[in-house]
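Dear colleague,

Please find below the structure that I am handing over to you. My notes on it follow directly after.

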Amino acid sequence: MALPLETINKESAREKSIRHGHPSTLHLWWARRPLAAARAVLFAQLVDDPSSHPDRFPTEDDQKRERARLFDLIERMVPWEATRDERIMREVREEIAKSCDGNPPPVLDPFAGGGTIPLEAQRLGLAAHASDLNPVPVLINKALIEIPPKWAGHKPVSPDAEIRGDWSGVSGLAEDVRRYGQWMRDEAYCRIGKHYPKVKLADGTEARVIAWLWARTVICPNPACGAEMPLASTWWLSKKKDRPRWIEPVIEGKKIRFEVRDDKEGPANPPKQGRGAKFACLVCGEVTADTYIKSEGVAGRMGATLLATVAEGKRQRIYLEATPGHVQAAAVDRPMDVPEQELAEDPRNIWCVNYGLTSVDRLFTPRQLMALTTLSDLVGEARTRVTVDAAAAGMQKGQASQYGDAVATYLGFLVSAVADDMSTLCSWRTSHGTGATRSTFARQALPMVWDYAESNPFGGAAGDLETAVVSIGRTIDALPASRQAVAGQADATQIELADGQVVSTDPPYYDNIGYADLSDFFYVWLRRSLGAIYPDIMTTILTPKQAELIASPYRHGGSKEKAEHHFESGFVETFTRIREGHPADFPLTVFYAFKQSETDDIDGTASTGWETMLNGLMEAGLTVTATWPVRTERAARSIGIGTNALASSIVLACRPRLATAETTDRRGFLNSLRKELPKALRELQQGNVAPVDMAQSAIGPGIAIYSRYAKVTESDGTPMRVRTALAMINDVLAEVLSEQEGDFDMDTRWCVKWFEQFQWERGAFGDAETLSRAYNTSVRGLEDAGVIKTGDSKVELIKPAALPNGYDPVSNVRISIWEVAVHLSRTLEGKGPGSGIDSAGEMLAHARSRSEVDDDTIKELAYLLYSVCERKGWSESGQWFNNLVSSWSDLQASARAVEKRGLNVLKPAQLSFGADYGDDGRKADGEEKLF
């Protein structure tokens with residue numbers, strides 16, 4: 001069935017900012033799909049579109065009404081709050097059961113990862129099955145879907161548990177995790193708390209330390225100097241406007257000490273010089289080579305110096321200078337039994353190995369290793385305590401032991417949370433409101449961090465044990481635990497479907513993320529804490545690598561071809577097995593997010609990841625029957641800030657290709673694209689797919705056409721490559737966007753053509769005049785309209801940021817779609833009074849009162865201008881138009897609110913055009929019309 005994409009997209013994007021109780025806070029995993037998107041896709045996968053039942057819905061109106069009812073149900077179930085609303089979830093489960101004749105199928109995700117799809121299947125009342133090759137996601141899925149139903153309704157066994165009568169759901173399990181987690185924290189503090197001292201403040205009082213800020217060091221290579229060089233990338237501590245803080249290095253001979261400053265001058269330039277690992281010595285000024293820093297790191301000669309200490313104040317951070325006592329507190333002996341497994345030499349995702357951080361233990365200071373080994377040992381001790389207390393509470397011996405294992409599993413995740421917030425790859429966020437640490441995995445990589453923040457696990461902020469315990473408890477509390485489920489370890493290429501399992505999955509994205517390589521960071525600690533509980537899952541020293549279905553050349557001797565073959569052959573094998581065992585009554589659904597990013601001379605822009613994945617699906621005998629572009633990433637994620645980064649996944653609904661499928665040639669395929677793609681693209685635009693995602697979103701309906709044929713042949717009879725098909729889809733997309741230009745008024749069409757040539761730069765007045773005659777407009781009229789400015793025989797479009805405040809589409813005599821679009825962009829992106837969504841919504845409400853302005857046409861213009869910017873590499877300008885469409889649903893909602901209030905919007909007929917124009921808007925000489 002179809003989906004109400006706008007609501008799903010909005011809730012999916014919103015969900016990324018929800019922390020308390022969200023499953024993503026249980027254990028970090030990369031590229032999770034939002035719960036809202038997975039829930040909606042599963043519903044659409046199992047519930048028939050009304051058009052499938054002409055006996056019940058014989059007319060289009062009947063189908064439309066039924067579809068509206070289903071849409072309403074989906075819109076009510078996708079918000080995060082609906083997951084705790086049993087009334088809504090019961091209605092959803094009943095709808096699924098009705099569509100499946102009372103017997104909904106079990107759901108399998110063979111690439112379960114962070115567990116979004118299996119969890120939402122369980123929430124929808126389905127039998128959920130999750131499998132993954134990697135032990136870390138297997139444990140995550142056990143914690144999400146397998147363990148909770150076994151202990152639903154059980155009271156907590158901790159003697160310190162809260163006294164209350166209702167322990168419904170898994171609240172009892174959550175309470176025990178909190179209590180034994182708190183015991184771990186208190187016990188850890190007794191054992192190692194002396195190594196985390198408080199600081200003395202100027203008034204004689206003491207305060208807890210939140211973090212110690214360190215810079216790595218090397219010895220200056222200048223033989224005449226030999227000073228210890230701090231490798232600091234910034235001297236800033238806090239960029240808060242009213243309380244800036246920064247470090248000033250004070251050079252005393254060849255020694256350097258660091259003072260904390262609080263004036264608004266700001267610090268001097270840091271030692272780091274541009275990109276790479278080049279640093280200036282503060283004593284002699286010599287700049288090191290990148291190779292020198294690497295060689296010192298590899299040789300183990302890289303040290304660290306304490307720059308400052310961050311303490312807890314009253315609603316603020318207190319920045320203090322380093323003291324010998326705090327330096328000494330960190331100088332603990334390195335524990336003997338720490339994980340020393342080597343990190344993968346993955347040049348795409350793991351860069352710290354180039355500087356000597358080649359094994360897991362080297363990512364941590366001795367004090368951090370002491371804390372993590374202590375916590376790992378305490379997981380085992382807590383497991384024993386839970387087992388004893390469970391037996392004392394009346395559980396049978398075997399059941400008590402199993403309960404101890406269950407609670408210990410979540411406590412093992414506590415160690416992962418602390419490790420993520422407490423490594424030497426954590427940095428200090430100077431632009432954060434009060435200042436905070438940035439976790440190890442702020443992005444999907446292990447980068448090199450020169451000045452790092454060492455969190456205090458007893459400090460009450462990021463990295464704090466108590467905070468992590470509370471977070472895990474909230475997540476458990478919110479789990480559905482509604483039906484028994486299974487999570488196990490399996491190679492997807494060897495998967496066998498059983499008992500009518502329906503597949504919904506989110507497979508790896510070609511070479512985007514090295515899941516196994518990155519997850520070793522957590523696996524070594526989980527294995528240390530939980531290996532005795534899950535010996536069958538944690539048999540290997542590190543996570544399995546060779547069978548992982550990603551295209552990593554370094555695992556294949558540096559060969560991209562071999563890596564691609566491994567990925568594609570694995571896809572074909574996996575989906576062939578799925579196709580052979582999949583029930584015919586239901587489609588299988590595949591989430592995929594990979595931006596087109598490669599260009600060649602033959603086919604133009606394409607994507608090896610998309611090509612390989614799609615080719616694998618089709619070689620497996622599948623055809624794409626429906627596609628849904630679903631916005632699944634929040635705009636502020638680290639990799640997307642300031643860029644037009646991909647923000648959507650394409651969900652592909654697939655079925656076995658018909659045995660009677662026809663063949664066609666290049667011309668036939670192109671004719672089908674030109675006939676069918678325009679309608680699909682308009683539907684995508686109406687769904688507010690962001691312009692940055694349009695090229696990828698167009699792949700869905702385009703490849704649906706391609707994949708329905710048994711074969712598409714070139715003029716010489718050879719099979720058409722998927723890459724060629726993708727390039728043709730792109731070409732038709734460009735044609736459709738260009739054809740939409742015919743919907744624009746003449747002023748707008750002139751502006752588009754001028755923009756394509758000059759962007760915001762100046763062009764010759766004569767060229768502008770010539771172009772204006774071609775579009776039956778005039779340079780003077782465009783200048784009067786306020787979209788261009790002239791001077792020195794030059795003409796230029798006015799940038800959105802340079803447009804004046806106070807624009808009112810109603811009182812503006814000469815109006816164009818271009819003018820409305822750029823003013824909306826300026827208002828959306830501006831700051832201060834008269835800016836933002838509400839102001840832009842009011843402007844849109846005013847514009848709607850003009851017959852010349854149409855919402856869809858404004859969006860079409862934004863799509864076209866974004867495509868121009870992307871083609872020409874104008875990323876900054878492209879961002880204006882991408883953001884305009886991305887904010888469209890909020891803009892429309894704001895505009896409707898204005899209209900509902902009955903704001904007094906002037907009509908064009910009420911305007912006085914002045915002496916030069918008549919009441920019809922035509923100039924006195926009749927040559928030019930204003931609107």
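Helices (H or I, at least four residues) and strands (E, at least two) are DSSP runs, numbered from the N terminus. The model is a predicted one, in which local features need pLDDT of at least 70 and side-chain atom pairs count only at pLDDT 80 or more, while totals for chains, interfaces and linings use all residues. Residues are numbered from 1 along each chain as its sequence is written, and side-chain values use heavy atoms, with hydrogens and water left out.

I begin with two loop residues. Asp792 lies in the loop between strand S25 (788-791) and strand S26 (794-797). Its phi is near 55 degrees, a positive value in a residue other than glycine. Asp792 counts as exposed, at 69% relative accessibility; here buried means under 20% relative accessible area, exposed over 50%, and partly exposed in between (1.4 Å probe, protein chains only). Asp499, in the loop between strand S15 (486-489) and strand S16 (502-505), has a positive phi of about 55 degrees although it is not a glycine. Asp499 is exposed, with a relative accessible area of 73%.

Asn349 belongs to the loop between helix H9 (324-329) and helix H10 (366-392). This residue is buried, at a relative accessible area of 5%. Its side chain makes a polar contact (a pair of N or O atoms within 3.5 Å; within protein, one must be able to donate a hydrogen and the other to accept it, and residues adjacent in sequence count only if both atoms are side-chain atoms) with the side chain of Asp346, at 2.9 Å. Leaving aside residues up to four places away in sequence, Asn349 touches (heavy atoms within 4.5 Å) Gln444, Ala445, Leu446, Asn512, Ile513, Gly514 and Leu518.

Two helix pairs remain. The axes of H10 and helix H13 (residues 515-530) come within 8 Å and cross at roughly 40 degrees; axes are lines fitted to C-alpha atoms, for helices over the stretch in contact, and angles run from 0 to 180 degrees between N-to-C directions. On the H10 side the contact is made by Leu369, Leu372, Thr373, Ser376, Asp377 and Val379, and on the H13 side by Trp525, Arg528, Ser529 and Leu530.

Helix H11 (residues 397-421) packs against helix H12 (residues 465-477) at an angle of about 130 degrees, with their axes 10 Å apart. In this contact, Tyr410, Phe413, Leu414, Ala417 and Val418 of H11 meet Leu465, Ala468, Val469, Ile472 and Ile476 of H12.
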